[in-house]
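The following exercises are to be worked through with the sequence and the three-dimensional structure at hand. Each task is followed by a solution in steps.

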Amino acid sequence: MPDRKRVEAFVAAVVSGDHVGAIRDFYCEDASMQENATEPRQGRDVLMAHEAKALARLQRMHTHPARAVLVDGDRVVINWVFDATDQSGVTRRLEELAIQRWRGDRIAEERFFYDTATAWRVVEPG
């Protein structure tokens with residue numbers, strides 16, 4: 001089970017914008033990620049490649065400080081807000097809950113929950 005400082009270090013890495021590095025440094029080799037009810041992606045290398053590909057399609061990804069971080073044994077819940085600016089300059093926002101199961105000091109499983117009807121809505125400048 002992770003201690004609070006380890007979880008905070010993970011959150012800081014993501015907020016800093018180092019999403020791929022956060023996967024490398026905080027996920028188990030056999031970790032999985034799942035978007036809502038889709039099939040999970042499996043394996044840290046697969047997760048890193050998927051994240052790198054998603055980020056490469058963007059002009060910028062801004063991760064807001066986590067709105068809430070809950071730690072209960074090996075379970076962690078993080079309320080994330082992301083602003084993704086595409087190549088044309090349009091910024092869209094995603095608010096999600098990430099529910100994680102940690103194995104020791106690394107994430108073994110993560111599932112993201114968000115409202116698909118409002119996910120990636122356009123954010124007005126300013």
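A salt bridge is a side-chain nitrogen of Lys or Arg within 4 Å of a carboxyl oxygen of Asp or Glu. The model examined here is a predicted one.

**Exercise 1. Salt bridges**

Determine how many salt bridges the structure holds, and examine the pairs formed by Arg41, Arg92 and Glu109.

Solution. 

Step 1. Begin with the general idea. Side chains of opposite charge can pair when their charged atoms come close.

Step 2. State the total. The structure contains 10 salt bridges.

Step 3. Examine Arg41. Its side chain meets that of Glu35 in a salt bridge, with 3.2 Å from N to O. Arg41 has a relative accessible area of 16%. Buried means under 20%, so Arg41 is classed as buried.

Step 4. Examine Arg92. A salt bridge joins its side chain to that of Asp86, at 3.4 Å from N to O. The relative accessibility of Arg92 is 31%, and therefore Arg92 counts as partly exposed.

Step 5. Examine Glu109. The partner of Glu109 is Arg101, and the closest N and O atoms of this salt bridge are 3.1 Å apart. Glu109 is partly exposed because its relative accessible area is 35%.

**Exercise 2. The pairing of the strands**

Identify the strands that pair with β6, and state how many bridges join each of them to β6.

Solution. 

Step 1. Take β5 (residues 75-86). This strand pairs with β6 in the antiparallel sense over 11 bridges. The hairpin of β5 and β6 has 4 residues between the strands, and Gly89 takes a positive phi near 95° there.

Step 2. Take β7 (residues 106-113), which runs antiparallel to β6 and is joined to it by 7 bridges. Here the hairpin has 2 residues between the strands, and Gly104 in the turn has a positive phi of about 65°. Trp102 stands opposite Ile107 in β7.

Step 3. Take β8 (residues 121-122). 2 bridges join β8 to β6, and the two strands run antiparallel. Arg92 stands opposite Val122 in β8.

**Exercise 3. The aromatic rings**

Classify the ring pairs that Phe10 forms with Trp80 and with Trp102.

Solution. 

Step 1. Recall what is needed. A pair of aromatic rings is described by the distance of the centres and the angle of the planes. Planes over 60 degrees apart count as edge-to-face.

Step 2. Begin with the total. The whole structure has 5 aromatic pairs. In the pair of Phe10 and Trp80, the centres are 6.3 Å apart and the planes are at 75°, an edge-to-face arrangement. This pair links distant parts of the chain: Phe10 belongs to helix α1 (residues 4-15) and Trp80 to β5, 70 residues apart. Both Phe10 and Trp80 are buried.

Step 3. Consider Phe10 and Trp102. Their ring centres are 6.2 Å apart and their planes stand at 85°, so this pair is edge-to-face. Again distant parts of the chain are linked, with Phe10 in helix α1 and Trp102 in β6 (residues 91-103), 92 residues apart. Trp102 is buried, because its relative accessible area is 2%.

Step 4. Phe10, Phe26, Tyr27, Trp80, Phe82 and Trp102 form one aromatic cluster.

Methods:
Residues numbered from 1 in each chain as written. Predicted model: local features only at pLDDT ≥ 70, side-chain atom pairs only at ≥ 80, totals over all residues. Heavy atoms only, no water. Phe/Tyr/Trp six-rings, centres within 6.5 Å; stacked < 30°, edge-to-face > 60°. Buried < 20%, exposed > 50% of the residue type's maximum accessible area, 1.4 Å probe, protein only. Pairing = 2+ DSSP bridges.
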